[in-house]
Amino acid sequence: MRKIDALPIGYSDVQSVIETGYYVDKTRYAQELIENRNPIFIARPRRFGKSLFIDTLDTICRGEKEVFKGYHIGNPESGYEWKKHPIIKIDFSGINHNPNCLENSLKDELTRIAFSYSVTIQTKDIQSGLKDLVEALSKLNNGYESNVVVLIDEYDAPMVNLTKGSDLEQANIKVMKDFFMTLKSLNKRFKFTFITGVSKFSLSDVFSGANHLKDISIDASAGTMFGYTQQEILTIFAKRLEDIAKKCGTKEDKKISTSEVMRRMATYYNGYKFYEDGASVYNPWSTLIFLDSGKLEDYWYESGSPTMLINQMLADPDRFELDALPIDAYRYELMYTGSRNEISLKALMFQTGYLTIDGYEPSTGVYKLKFPNQEVEKAFTQTIKDALERRVKDYFISTQDQIKSTLQAKDIESFIIAINIAFSSVPYYITSKTEKDYHSILD
């Protein structure tokens with residue numbers, strides 16, 4: 001029974017979402033992960049429900065069966081064996097990443113987890129603190145199983161937006177490597193491990209290749225683990241769709257069906273595909289806000305700019321080339337885990353949710369990539385263009401004295417050289433080669 005009449009916008013705890021009556025049941029995936037026991041990594045874009053899924057796993061592994069009454073894993077037919085496990089759950093987006101803070105913040109987090117289970121650990125360093133915590137949790141009484149569950153959310157948060165090669169990045173990488181390598185060494189003590197993040201390319205820095213993790217980022221088993229399928233929306237949000245159809249019909253003075261509402265919504269928010277033969281999914285963040293407001297806007301994009309993407313492009317624009325979509329990519333590019341200084345634009349955009357799988361050619365192993373929907377295409381194009389145009393304008397401002405002096409000296413040859421150098425700094429892919437583009441840059 002619905003207890004509150006509100007969509008779960010921004011909710012990250014599963015019990016509260018269930019209480020709204022708008023929970024999209026993902027417990028089948030959770031059960032498979034827990035029962036298979038593989039250490040898992042998955043990358044998904046921001047605002048795609050990663051934290052909610054982590055909390056779902058957390059609540060299940062705490063043995064809170066009553067929370068899921070009426071959902072897949074709560075039904076006797078699922079066959080799930082409800083047991084209570086000690087849990088190490090860390091959200092790295094909530095840990096202080098500033099200089100000299102990450103290590104202490106992480107040690108404090110380990111201490112906090114220990115305190116929540118009424119045990120004491122020594123944290124002279126991260127390695128010993130983590131080992132002590134696992135040892136203490138494996139000996140708990142009160143019905144706890146001896147094997148520990150590890151849940152890591154936003155593993156890449158301490159590094160993903162830092163300048164490549166900076167002192168802070170190197171310091172944070174060392175801290176993270178100490179933590180994850182120790183975690184890897186303790187793997188036999190765990191029921192299972194589940195790690196999420198926005199990108200994959202930071203993995204090589206902290207996991208030494210992540211060779212103990214099963215990466216399901218583009219695996220068939222995880223195609224619709226995150227995001228909403230069309231059927232899920234039609235089933236869970238039917239009343240909301242009807243309300244929006246009525247409002248649109250009144251505003252446009254004509255009858256609007258729920259099918260038409262879905263068609264419009266699909267253009268803006270559907271289209272993400274994480275497996276070549278899988279179903280496409282809707283962006284859950286934008287979908288929820290649209291179902292609440294009834295207005296088609298760029299909600300996901302407004303919730304955070306692509307800082308990492310922009311910084312990478314501005315640092316080395318010549319490294320990035322984006323041809324007409326769809327574009328080709330191989331699996332090794334999509335699953336790239338190397339240096340940020342070497343990642344291609346298409347791989348970076350895929351890993352962060354700005355490109356998605358459009359098709360796959362088995363004979364060649366080539367994936368086709370495209371923008372998932374109108375929201376992403378429109379907002380990305382404009383934001384990147386604005387950022388790069390600002391860079392070009394800054395360049396002109398920094399060289400204007402040189403250009404002015406060549407004019408004052410009536411040195412036309414030097415003036416032409418200076419202007420040509422300035423215009424050559426304009427990346428070709430942000431202009432339409434029309435006069436208005438150059439006016440915009442020179443204004």
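How many helices and strands does the protein chain have? In this predicted model, the protein chain has 18 helices and 8 strands, where helices (H or I, at least four residues) and strands (E, at least two) are DSSP runs numbered from the N terminus. Residues are numbered from 1 along each chain as its sequence is written, and side-chain values use heavy atoms, with hydrogens and water left out. Because the model is predicted, local features need pLDDT of at least 70 and side-chain atom pairs count only at pLDDT 80 or more, while totals for chains, interfaces and linings use all residues.

Of the 443 residues of the protein chain, 50% count as buried; buried means under 20% relative accessible area, exposed over 50%, and partly exposed in between, with a 1.4 Å probe and protein chains only. Contact means heavy atoms within 4.5 Å. Among contacts between residues at least 6 apart in sequence, 70% join residues at least 24 apart.

The nonpolar interior comes next. A nonpolar core is a set of buried Ala, Val, Leu, Ile, Met, Phe, Trp, Tyr and Cys residues joined through side-chain atoms within 4.5 Å. The largest such core holds 117 residues, and the members that touch the most others are Ile90, Phe179, Phe180 and Phe194. Leaving out residues up to four places away in sequence, phenylalanine 179 touches Ile90, Phe92, Leu106, Leu110, Ile126, Leu130 and Ile152. Phe179 also belongs to an aromatic cluster, together with Phe41, Phe92, Tyr155 and Phe180.

The structure holds 24 aromatic pairs. Rings of Phe, Tyr and Trp (its six-membered ring) pair if their centres lie within 6.5 Å; planes under 30 degrees apart count as stacked, over 60 as edge-to-face and the rest as tilted. The pair of tyrosine 80 and tryptophan 82 is edge-to-face, because the ring centres are 4.9 Å apart and the planes stand at 85 degrees. Tyrosine 80 counts as buried, at 11% relative accessibility. A tilted pair is formed by tyrosine 269 and tyrosine 299, with 6.4 Å centre to centre and 35 degrees between the planes. Since tyrosine 269 lies in helix H10 (residues 258–269) and tyrosine 299 in helix H12 (residues 299–302), this pair ties together parts that are 30 residues apart in sequence. Tyrosine 269 is buried at 0% relative accessibility, and tyrosine 299 is buried with a relative accessible area of 11%.

Beyond its neighbours within four places in sequence, tyrosine 117 is in contact with Arg62, His85, Pro86, Ile87, Leu137, Leu140 and Tyr144.

Now for the empty space. Rolling a probe the size of a water molecule over the atoms shows where such space is left. On a 1 Å grid over the protein atoms alone, a cavity is a set of points where a 1.4 Å probe fits but cannot get out, and a pocket is an open set with protein on both sides within 12 Å along at least five of seven lines; lining residues have an atom within 4 Å of a point. Grid points are joined across faces, edges and corners, and a volume is the space filled by probe spheres set on the points. The largest pocket contains about 680 Å³ of space. Its lining has 31 residues, and the closest to the centre are Tyr11, Arg47, Phe48, Gly49 and Lys50. Helix H3 (50–61) and helix H11 (284–293) each supply at least two lining residues, with H3 giving the most, 5 residues. By class, the pocket lining has 16 nonpolar, 9 polar and 6 charged residues; Ala, Val, Leu, Ile, Met, Phe, Trp, Tyr, Cys and Pro count as nonpolar, Asp, Glu, Lys and Arg as charged, and the others, Gly among them, as polar.The count of cavities of 30 Å³ or more comes to 1, and the largest cavity holds about 110 Å³. Among its 14 lining residues, Ala43, Arg44, Ser217, Phe350 and Gln351 lie nearest the centre.

Finally, the backbone: most residues other than glycine have a negative phi. Arginine 47, in the loop between strand S1 (40–43) and H3, has a positive phi of about 60 degrees and is partly exposed at 39% relative accessibility.
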